[in-house]
Amino acid sequence: MAKQNRPKEYLLIGSGIMSATLGVFLKKVEPDCKITLLERLHGMALESTAAWNNAGTGHAGMCELNYTPEKPDGSINCEKALHINEQFEVSKQFWAWLVSNNLIPGDFIQPVPHMSFVQGKKEVQFLEKRVKQLNNNHLFKTMKFSKNPETIKKWIPLMMNDRRNSAEVAASRMDEGADVNFGYLARYLINYLRKQEGVGMMFGWEVNEIKRRRGKKIWQIEATNRKTEKKESMLADFVFIGAGGKALSLLGKSGIPERKGYGGFPVGGQWLRCNNREVIQQHDAKVYGKAAKGAPPMSVPHL
């Protein structure tokens, strides 16, 4: 490791979508680099990235109302929605390039309309202003808006069944929305990676310590095999921590200044799955509501 012209060595902690994506980037930019991926579980992308552990929404600012807060003067701040939409467009370009070059299959992404749904006069006014402002940008020019219950019922009949006609409701809709199976995508990316020279995969290994050594130029990682309890010490030029809920604790052990000021708290929630195909066929959209003032965005039910 003393040679200046040796290939860089990267260590990726976690086998979710973040590590998988970064690993492919690194191999494309630096084909000679060496990559080691460590995962505490027995397989790939089994926690937060797994399809039933996240909403699967291709977040592009189309339906997420927390991305467009209302200013004190009543106008809508659309900057975050525009920025996130641009980021997702770049992601789609990267995935499309991988698929067109036969590096991964393309069945991980499906078209699904993205909608926002609100109730009450104040929220209806908010959504109407949001759509008008977003329509001014070419990324959102196809966004539709309606406060006609019959129109909304055509869009989302399951949600409008038995709803009182007197209830004031409104909805926005973009047919260009996407649903992404991030579990599929992560596994495709990692399977591509494991075929590349200089890439190693270690499943069932949990990282316990991470620290700098040798004049703070090299990282040392201590890991334990969860089945055999064998311990392993590894060195790397760069380390990426994509370890889900354990990322913060590992970041704290790293000693870098950026670790300060971060914290986490548990959030309870439920994913409810419908297996009744008769009911499923009545709904074909990602629908997001609006969080109550002061509530976290994840408190909003999705359908």
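Guide: Helices here are DSSP runs of H or I with at least four residues, and strands are runs of E with at least two, numbered from the N terminus. Helix α2 is followed by Asn 102, whose phi is positive, near 60°. This is a predicted model, where local features need pLDDT of at least 70, side-chain atom pairs count only at pLDDT 80 or more, and totals for chains, interfaces and linings use all residues. Residues are numbered from 1 along each chain as its sequence is written, and side-chain values use heavy atoms, leaving out hydrogens and water.

Visitor: Why is His 114 called buried?

Guide: Buried means under 20% relative accessible area (exposed is over 50%, partly exposed in between; 1.4 Å probe, protein chains only). His 114 has 0%, so His 114 is buried. This residue is found in strand β4 (residues 114-119).

Visitor: What does the side chain of His 114 reach at 2.9 Å?

Guide: The side chain of His 114 reaches the backbone oxygen of Ala 178.

Visitor: What makes α1 roughly perpendicular to α2?

Guide: The two helices pack at an angle of about 65°, with their axes 13 Å apart. Angles of 65 to 115 degrees count as roughly perpendicular (under 35 roughly parallel, over 145 roughly antiparallel, the rest oblique), so α1 is roughly perpendicular to α2.

Visitor: Which residues of α1 and α2 meet there?

Guide: With contact meaning heavy atoms within 4.5 Å, Thr 21, Val 24, Phe 25 and Lys 28 in α1 meet Phe 94, Trp 97 and Leu 98 in α2. Phe 94 and Leu 98 are among the buried residues of α2.

Note on methods
A polar contact is a pair of N or O atoms within 3.5 Å; within protein, one must be able to donate a hydrogen and the other to accept it, and residues adjacent in sequence count only if both atoms are side-chain atoms. Axes are lines fitted to C-alpha atoms, for helices over the stretch in contact, and angles run from 0 to 180 degrees between N-to-C directions.
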